[in-house]
Amino acid sequence: MNKFFTKHFIEGLPKAELHLHIEGTLEAALMFKIADRNNIKLNYLNINELKKAYNFNNLQDFLNIYYAGANILITEQDFYDLTWAYLKKVQSQNIIHTEIFFDPQTHTDRGITFDIVINGIYRALEDGVQKLGVTSKLIMSFLRHLPESSAFKTLEEALPYKKWISGVGLDSSEVGNPPSKFEQVFARARKEGFLTVAHAGEEGPAEYIWEAIDLLKVNRIDHGNNCLEDDVLVERLAELKIPLTLCPLSNLKLKVVKDLKNYPLVKMMEKGLLVTINSDDPAYFGGYLNENYLRIAEALNLSKTQIAQLARNSFKASWLSEKEKEKMFSRVELYLKNN
Ligand code: ADE
Ligand code: ZN
């Protein structure tokens, strides 16, 4: 396929997104707009100056900028506007289902209450279903650089909103904060009926992926790139059909990989891993979901069949019911018949 047809094919393809931090969709323009209405002065003169800071050598470089950016989110309307802007993008990219992370501690630790955060996000997600036809699930992510006690407190705060939250996750600074640190709080979350995922093997070792599976009993691994260090682990992930939510442009920007031409996507597919493509923090990494599909398709010269498989995988790895998944698969097959 030439570049034009690949782009066209990807743009129209129905797909799901499974690894997306809502705070990571805060576009520079919206950041200035919300900061202005909240009378907050940013450390940057304008959008161009801010974007010049989006040069990262590693995950921590990015997280410092990402947490600073989130400081302008104060009111329920701010969280609504943030989520709504993402959902409009989702609809324009033919993403028909999305499972998004939010990081409550980023906000509650600076005095914004849990209910302000979740009410704003959830109201937008409901409008997304009604007005845009986009279905969604919400995943509450614990910040792993904070102590487990803080995660427990957050879990308590979330319990009244249990029916709005499908699962819990684990993100932020990985190295030095292994999944084992959160074994108890994940056990409690599972007992309360939450599904579980965890970022593992982005910068951390394969050992952290083992811990996420064995100790946190996750349904999916976010990133998981470093599983390739350990053949036994790869076999286990394939056997248990534990999906990996890969994020190519994120990995490039955070220097997890040097060049997308060496991205291990096809290698992982050949090893029988259930891999998906996602955007992670698109406002900071230079592209939403379609840009991730396109850049990786070009770098690896993916065929139409391989791209279609990635879209099927996105639904297979989702938390939709089997019946809902069947509906999504037929939408993909219908598209393939006509394109
Ligand atoms: N929080 C937002 N994006 C993240 C990433 N890529 N890794 C860990 N924590 C994150
Ligand atoms: Zn992430």
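A: To begin, Lys327 lies in helix α17, residues 322-338. The model is a predicted one.

Q: Why is Lys327 called exposed?
A: The relative accessibility of Lys327 is 58%. Exposed means over 50%, so Lys327 counts as exposed.

Q: How far apart are Lys327 and Ile112 in sequence and in space?
A: Lys327 and Ile112 are separated by 215 residues in sequence, and their C-alpha atoms are 39 Å apart.

Q: What makes Glu126 partly exposed?
A: Glu126, in helix α7, has a relative accessible area of 41%. Partly exposed covers what lies between the buried limit of 20% and the exposed limit of 50%, so Glu126 is partly exposed.

Q: Which protein atoms are donors of the zinc ion (ligand 2), and what makes them donors?
A: The donors are NE2 of His19, NE2 of His21, NE2 of His199 and an OD atom of Asp280. They lie 2.0 to 2.2 Å from the zinc ion. A donor is an N, O or S atom within 2.8 Å of the metal, a limit that differs for Na, K and Ca, so these atoms count as donors of the zinc ion.

Q: Why is the site of the zinc ion (ligand 2) called irregular?
A: The angles among its four donor atoms run from 83 to 174°. Four donors count as tetrahedral if all angles lie between 85 and 135 degrees, so the range of 83 to 174° rules out that label. The site is classed as irregular.

Q: What spacing do the donors of the zinc ion (ligand 2) follow along the chain?
A: The spacing is H-x1-H-x177-H-x80-D. The pair of His19 and Asp280 links distant parts of the chain, 261 residues apart. His19 is in strand β1 (residues 15-21), whereas Asp280 is in the loop between β8 (275-277) and α14 (282-285).

Q: How do you know whether His19 and Asp280 are buried or exposed?
A: His19 has 0% relative accessibility and Asp280 has 3%. Buried means under 20%, so His19 counts as buried, and so does Asp280.

Q: Which backbone angle stands out in Asp280?
A: Phi of Asp280 is positive, near 65°, in a residue other than glycine. His223 is not a glycine either, and has a positive phi of about 75°. His223 belongs to strand β6, residues 220-223.

Q: Why is His223 called buried?
A: The relative accessibility of His223 is 0%. The limit for buried is under 20%, so His223 counts as buried.

Q: Are Cys227 and Cys247 buried or exposed?
A: Cys227 has a relative accessible area of 0%, and the value for Cys247 is 0%. Buried means under 20%, so Cys227 is buried and Cys247 is buried.

Q: What lines the largest cavity?
A: A search of the whole structure finds one cavity of 30 Å³ or more. The largest cavity holds about 120 Å³ of space. Its lining has 15 residues, and His21, Leu59, Leu63, Ser172 and His199 are the closest to its centre. Helix α4 (residues 59-70) gives the most to this lining, with five residues. By class, the lining has six nonpolar, four polar and five charged residues.

Q: What volume does the largest pocket have, and what lines it?
A: The volume of the largest pocket is about 240 Å³. Of its 15 lining residues, Tyr122, Val129, Ser136, Lys137 and Ser166 lie nearest its centre. Helix α7 (114-132) and strand β3 (135-143) are the elements that give two or more residues to this lining. The classes are seven nonpolar, four polar and four charged residues.

Terms used: Residues are numbered from 1 along each chain as its sequence is written. Chains are lettered from A and ligands numbered from 1 in the order in which they are written. This is a predicted model: local features need pLDDT of at least 70, side-chain atom pairs count only at pLDDT 80 or more; totals for chains, interfaces and linings use all residues. Side-chain values use heavy atoms; hydrogens and water are left out. Donors are N, O and S atoms within 2.8 Å of the metal (3.2 Å for Na, K and Ca); water is not among the atoms, so sites may look incomplete. Four donors count as tetrahedral if all angles lie between 85 and 135 degrees; four count as square planar and six as octahedral if opposite donors are over 155 degrees apart and all others between 65 and 115; anything else is irregular. Helices (H or I, at least four residues) and strands (E, at least two) are DSSP runs, numbered from the N terminus. Buried means under 20% relative accessible area, exposed over 50%, partly exposed in between (1.4 Å probe, protein chains only). On a 1 Å grid over the protein atoms alone, a cavity is a set of points where a 1.4 Å probe fits but cannot get out, and a pocket is an open set with protein on both sides within 12 Å along at least five of seven lines; lining residues have an atom within 4 Å of a point. Grid points are joined across faces, edges and corners, and a volume is the space filled by probe spheres set on the points. Ala, Val, Leu, Ile, Met, Phe, Trp, Tyr, Cys and Pro count as nonpolar, Asp, Glu, Lys and Arg as charged, and the others, Gly among them, as polar.
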